[in-house]
Amino acid sequence: MLNIILFGPPGSGKGTQSDLIVEKYKLKHLSTGDILRDEIKKESELGKIAETYITQGNLVPDKMIIDILLNKIDNDQNDYNGIILDGFPRTLVQAEALEEILNKHNKKISVLIEINIDDEALIERVLTRGKTSGRADDNIETMKKRLNIYKTQSTPACEFYKKLNKYAAIDGLGTIDEVFGRISTIIDSKL
Ligand code: AMP
């Protein structure tokens, strides 16, 4: 089984790269951002609560997001070679909970891949994306807050996997194919 965490700041290309990884390695894609946006669209209770956090650029509370993931990982995954987690874990508490969930299912993370890009490039990308994405959080104020939250709250999740020797980093600048090539090299080394 190949269980991968794709980690990186907002605008680093996690969604785009996840799609390519899913296709090449036949993994199940779990994007907590996509799940939450879907709930917002459906106007579910969960969606209504999540929206108040997302539009402010804040993280949704750990418990809420862990419950969502518990449910998704519980579901049968026999049709896949593993999972790709995109946008989760984003805090140390989430990383610890993930380890617990996976342990229960006799699964483990193969590697966390961090996509590194400097803030200026990220801000430019997200503002460009905002013109067409319709995402309420793709604007300059929210983006600055999200970057700050990434550094303060999400980096500890990354450190957690560094300590487990399950960490790899790649340069996120370049074409989609170039970045995917770097990611593929790391994944291939885990096969
Ligand atoms: P994303 O599409 O991954 O950038 O996620 C969009 C927004 O959804 C984030 O800015 C958070 O508000 C929320 N979100 C997504 N994943 C998580 C998570 N693992 N923990 C907390 N909030 C999350």
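I take helices (H or I, at least four residues) and strands (E, at least two) as DSSP runs, numbered from the N terminus. The model is predicted: I required pLDDT of at least 70 for local features and 80 or more for side-chain atom pairs, while totals for chains, interfaces and linings use all residues. Residues are numbered from 1 along each chain as its sequence is written, and side-chain values use heavy atoms, with hydrogens and water left out.

**Entry 1**

I began with Asn165, in the loop between α7 and β5 (167-171). Its phi is near 60°, a positive value in a residue other than glycine. For accessibility I call a residue buried under 20% relative accessible area, exposed over 50% and partly exposed in between (1.4 Å probe, protein chains only). Asn165 is exposed, with a relative accessible area of 70%.

Asn106 also has a positive phi, of about 55°, and is not a glycine. I found Asn106 in the loop between α5 and β4 (111-116). Asn106 counts as exposed because its relative accessibility is 75%.

Which peptide bond is cis, with omega near 0°? The bond from Phe88 to Pro89 is. Pro89 belongs to the loop between β3 (82-86) and α5. I noted these features because most residues other than glycine have a negative phi, and most peptide bonds are trans.

**Entry 2. Aromatic pairs**

I searched the whole structure and got two aromatic pairs. My criterion: rings of Phe, Tyr and Trp (its six-membered ring) pair if their centres lie within 6.5 Å; planes under 30 degrees apart are stacked, over 60 edge-to-face, the rest tilted. Phe7 and Tyr150 have ring centres 5.6 Å apart and planes at 45°, so I log the pair as tilted. This pair links distant parts of the chain, 143 residues apart: Phe7 is in strand β1 (residues 2-7) and Tyr150 in helix α7 (residues 140-163). Both Phe7 and Tyr150 are buried.

Phe160 and Tyr161 have ring centres 5.1 Å apart and planes at 75°, so that pair is edge-to-face. Tyr161 counts as buried, at 0% relative accessibility.

I then looked up a charge over a ring (NZ of Lys or CZ of Arg within 6 Å of the ring centre and within 35 degrees of the ring normal). The charged end of Lys162 sits over the ring of Tyr167, 4.7 Å from its centre.

**Entry 3. α5 against α7**

At what angle do α5 and α7 pack? Helix α5 (residues 92-104) and α7 pack at about 40°, with axes 7 Å apart. Axes are lines fitted to C-alpha atoms, for helices over the stretch in contact, and angles run from 0 to 180 degrees between N-to-C directions. That makes α5 oblique to α7; under 35 degrees is roughly parallel, over 145 roughly antiparallel, 65 to 115 roughly perpendicular, and the rest oblique.

Contact here means heavy atoms within 4.5 Å. From α5 I listed Leu92, Ala95, Glu96, Leu98 and Glu99; from α7, Gln153, Pro156, Ala157, Phe160 and Tyr161.

**Entry 4. Two residues of α1**

Ser18 is in helix α1 (residues 14-25). Is Ser18 buried or exposed? Ser18 is buried, with a relative accessible area of 0%. Leaving aside neighbours within four places in sequence, Ser18 is in contact with Leu6, His29, Ile84 and Asp86.

Thr16 lies in helix α1 too. Thr16 is partly exposed, at a relative accessible area of 38%. I also checked Thr16 against Ser184: 168 residues apart along the chain, their C-alpha atoms are separated by 14 Å.
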